[in-house]
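Here are my notes on the model you sent over. Have the structure open beside you as you read, and take the points in any order you like.

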Amino acid sequence: MHQPTPSAGPRHRTVEGPAGRLHLVEQGSGPLVLLLHGFPESWYSWRHQLPALAAAGYRAVAPDVRGYGRSSKPAAADAYRMLDLVEDNVALVRALGEEQAVVVGHDWGSGIAAASALIHPGVFRAVGLLSVPYTPPGGPRPSDVFTRMGGDEEFYVSYFQEPGRAEAEIEPDVRGWLAGFYAALSADTMPAPGAPDPHFVTRDGGRLRDRFPGGKLPAWLSESELDVYAGEFERTGLTGALNRYRNMDRDWEDLAPYEGAPIQQPSLFVGGALDASTTWMADAIDAYPVTLPNLASAHLLDGCGHWIQQERPEEVNRLLTTWLASLSA
């Protein structure tokens, strides 16, 4: 059993990845825990977890995923396929001088963490998934699924998949758009039941922001914290981040050899009870005895939305550190 030691503050550094520079923030020493953010976020999404994991005796590392923040942003859209992002994670582990890591992801990071564990079980010894449940590769083509989900309207993923379209909505007012998007999926500011769903746009030239709540920021997000997120995307643009959505059919083809495959490593799932990701994908959670046979526990946090490790940092930190301790017990 490793012993926690006092840690210095977070350290920024860059390492070489398959497509260029990978920026990361690390804190602590001990077994490596890789923390992968989602859309539209950055390493900063883990600002509450880095010190908590470090204090518990872990080397916590939060990178900017390819296309975000200070990491490289390849021009080609197909440079953001899942297989490439998985190889970025392997390169990170190696660059940090380690052979293995626990990988934890939120939102898109959850999918990237799951694929990393599936493809490289020798490198990623355990996987923690936040907000978005694990679903094995396979099934219908993703773009067909999203088209059907839209019905009379258009599902946000389909909207994001068209190059340039979401950028034209977001980039003239990055800060305002981010504030609205974060608020739309936060427990304390999301639209009331029965209000138009912010995951959809009307087919007559509608925009996602037309359905964002106005007014105050969610309780977890201060004006200065929003400034950090907005500053990154104002500098980088949104294309690198949105290209993840533009590779979903390509991923479906690339991951066909893993169709139906369970993740055999020890796993953890934590979701928000008010998050559409957990309600729409309830069947995926029900399937965990088959798809995550070594799941330690699954938690749905009451009154919590999508930005789980920021909305409920103390609770998420407790669940993560308890689970991590069990891995080395």
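Where is the place of D107? It is in the loop between β5 (101-106) and α3, and point 5 comes back to this residue. First, a word on the ground rules. This is a predicted model, in which local features need pLDDT of at least 70 and side-chain atom pairs count only at pLDDT 80 or more, while totals for chains, interfaces and linings use all residues. Residues are numbered from 1 along each chain as its sequence is written, and side-chain values use heavy atoms, with hydrogens and water left out.

1. **Overall build.** The chain holds 15 helices and 10 strands (DSSP runs numbered from the N terminus: H or I of at least four residues for helices, E of at least two for strands). For 329 residues, a compact globule would have a radius of gyration near 20 Å, and the chain agrees with its 19 Å (taken over C-alpha atoms; the globule rule is 2.2 Å times the number of residues to the power 0.38). Along the principal axes, the C-alpha atoms fill a box of roughly 60 × 45 × 40 Å.

2. Of the 329 residues, 56% count as buried (under 20% relative accessible area; exposed is over 50%, partly exposed in between, with a 1.4 Å probe and protein chains only). Among contacts with a separation of 6 or more, 76% join residues 24 or more positions apart (contact means heavy atoms within 4.5 Å).

3. **The nonpolar core.** The largest nonpolar core has 97 residues, and F39 and F160 have the most contacts inside it (such a core is a set of buried Ala, Val, Leu, Ile, Met, Phe, Trp, Tyr and Cys residues joined through side-chain atoms within 4.5 Å). Helix α3 (residues 108-119) gives the most to this core, with eight residues. Leaving aside neighbours within four places in sequence, F160 touches F39, A166, W177, L208, L242, Y245 and R246.

4. **Helices α5 and α7.** Helix α7 (residues 174-184) is largely enclosed by the rest of the structure, because nine of its 11 residues are buried. Among them are W177, F181 and Y182. What do the buried residues of α7 pack against? They pack against α5, α6 (165-170) and α8 (223-236). In α5 (residues 156-161) you will find S158, which is buried at a relative accessible area of 15%. Apart from neighbours within four places in sequence, S158 is in contact with F146 and T147.

5. **Backbone points to check.** Most residues other than glycine have a negative phi, and most peptide bonds are trans. Three places deserve a look with that in mind.
   - D107 is not a glycine, yet has a positive phi of about 60°; this residue is buried, with a relative accessible area of 12%.
   - S131, also not a glycine, has a positive phi of about 80°. S131 lies in the loop between β6 (124-130) and α4 (142-150) and counts as buried at 0% relative accessibility.
   - The peptide bond from F39 to P40 is cis, with omega near -10°. P40 sits in the loop between β3 (32-36) and α1 (49-55), while its partner F39 is one of the two residues with the most contacts inside the largest core.
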